[in-house]
Amino acid sequence: MNREIGQSRGYAWWINGALLLLAAVSLAPLLWMLSVSFMPSGEASHFPPPLLPSTFSGDNYRELFARTGMAGNFRNSLLVSVLITLGSLLLNTLAGYAFAKLRFAGRERIFQALLAALVIPAQVAMLPLFLLMKQLGLVNSFGGVVVPALASVFGIFLVRQYARSIPDELLEAARIDGASEGRIFFQIVLPMLKPVLVTLAIFTFMGAWNDFMWPLIVLTDQEHYTLPVALASLSREHIMDVEMMMAGAVVTVLPVLLLFLLLQRHYIQGLLLGSVKG
């Protein structure tokens, strides 16, 4: 018995050690990026590159916001991400609930067609989508970034799978009592969908904040740039200023990283509940 306990403890030590090693390898680039952002100008270009700054300095961040207009890009990213998240929550929740609980002609075929769209690479649709935004007059505007992201097949699928767990008897009882479909959705269904809505909100906000390709295509004026696009522009203009670019990368990565760390429990819980209950 003691031998088996010792073997199990040794096995646990090996597993935990391997996980710690993988975590260290994954975090090393992020930690070095943070360290370089506090280095004096030119220090990161030395060979071998230093791991820690010789003197901690916030000049890179001050220069970043003073010279490059990164504060405006931060506001742009925040505005776009919030609008996309709120709109996506509303539309995806309505659509997911409809596919899960409402009966209408062609429901299953339409849903299957939506799922089939998942296999189509997003890059394939960017040209026709850009032409559509041009016809609508939304090119070089925040609307051109927000409108195409308001509904997603993944969001509809996630809400549908979770909404299927809501008892039909509960909805029928509300209809018998005279409640309208809108009242049933907002007062009964929506509170029950809270776990999956938190997951969808985190997923959508992170995707909108980190999106690079579509804002790069649809936005042309620098004053409209979001953080990822502004960071790419910064790397072209200040290619030798590694410390400033790393400061820009920290400003871009840190908000979503903190958001995920604070809400990861709700994020994982919503995914697991959706998969089990669906």
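Biologist: How are H3 and H4 oriented to each other?
Modeller: This is a predicted model. In it, the axes of H3 and H4 cross at roughly 135°. Angles over 145 would count as roughly antiparallel, and 65 to 115 as roughly perpendicular. H3 and H4 are therefore oblique to each other.

Biologist: How close do the two axes come?
Modeller: The axes of H3 and H4 come within 10 Å. H4 covers residues 107-117.

Biologist: Is that crossing left-handed or right-handed?
Modeller: H3 and H4 make a left-handed crossing.

Biologist: Which residues meet there?
Modeller: From H3, Ala98, Phe99, Ala100 and Lys101. From H4, Arg107, Ile110, Phe111 and Leu114.

Biologist: And what classes are they?
Modeller: Six are nonpolar and two are charged in the contact of H3 with H4. No polar residues take part.

Biologist: Moving along. How does H4 sit against H7?
Modeller: H7 spans residues 153-163. The axes of H4 and H7 come within 9 Å and cross at roughly 130°. H4 and H7 are therefore oblique to each other. Their crossing is left-handed.

Biologist: Which side chains are involved, and of what class?
Modeller: H4 brings Glu108, Phe111, Leu114 and Leu115. H7 brings Val153, Ile156, Phe157 and Arg160. By class, the contact of H4 with H7 has six nonpolar, two charged and no polar residues.

Biologist: Now H3 and H10. What's the angle there?
Modeller: H3 and H10 pack at about 140°. Their axes are 8 Å apart. H3 passes H10 in a right-handed crossing.

Biologist: What makes up that contact?
Modeller: By class, H3 with H10 has 11 nonpolar, seven polar and no charged residues. The H3 residues include Phe74, Ser77, Leu78 and Ser88. Those from H10 include Leu197, Leu200, Thr204 and Trp209.

Biologist: Tell me about Thr204. Buried or exposed?
Modeller: Thr204 is found in helix H10. Its relative accessibility is 12%, and the cut-off for buried is under 20%, so Thr204 counts as buried.

Biologist: What does Thr204 touch?
Modeller: Ile84, Thr85 and Ser88, leaving aside neighbours within four places in sequence.

Biologist: Ser88 again. What else can you say about where it sits?
Modeller: Look at Ala151. Its C-alpha atom and that of Ser88 are separated by 5.3 Å. Along the chain, Ala151 and Ser88 are 63 residues apart.

Biologist: Where is Ala151, and how accessible?
Modeller: Ala151 lies in the loop between H6 and H7. Ala151 has a relative accessible area of 44%, so it is partly exposed.

Biologist: New topic. How many residues are in the largest nonpolar core?
Modeller: There are 29. Leu64, Met70 and Leu234 touch the most other members.

Conventions: Residues are numbered from 1 along each chain as its sequence is written. This is a predicted model: local features need pLDDT of at least 70, side-chain atom pairs count only at pLDDT 80 or more; totals for chains, interfaces and linings use all residues. Side-chain values use heavy atoms; hydrogens and water are left out. A nonpolar core is a set of buried Ala, Val, Leu, Ile, Met, Phe, Trp, Tyr and Cys residues joined through side-chain atoms within 4.5 Å. Buried means under 20% relative accessible area, exposed over 50%, partly exposed in between (1.4 Å probe, protein chains only). Axes are lines fitted to C-alpha atoms, for helices over the stretch in contact, and angles run from 0 to 180 degrees between N-to-C directions. Helices (H or I, at least four residues) and strands (E, at least two) are DSSP runs, numbered from the N terminus. Angles under 35 degrees count as roughly parallel, over 145 as roughly antiparallel, 65 to 115 as roughly perpendicular and the rest as oblique. A crossing is left-handed if the near helix is turned anticlockwise from the far one by less than a right angle, and right-handed if clockwise. Contact means heavy atoms within 4.5 Å. Ala, Val, Leu, Ile, Met, Phe, Trp, Tyr, Cys and Pro count as nonpolar, Asp, Glu, Lys and Arg as charged, and the others, Gly among them, as polar.
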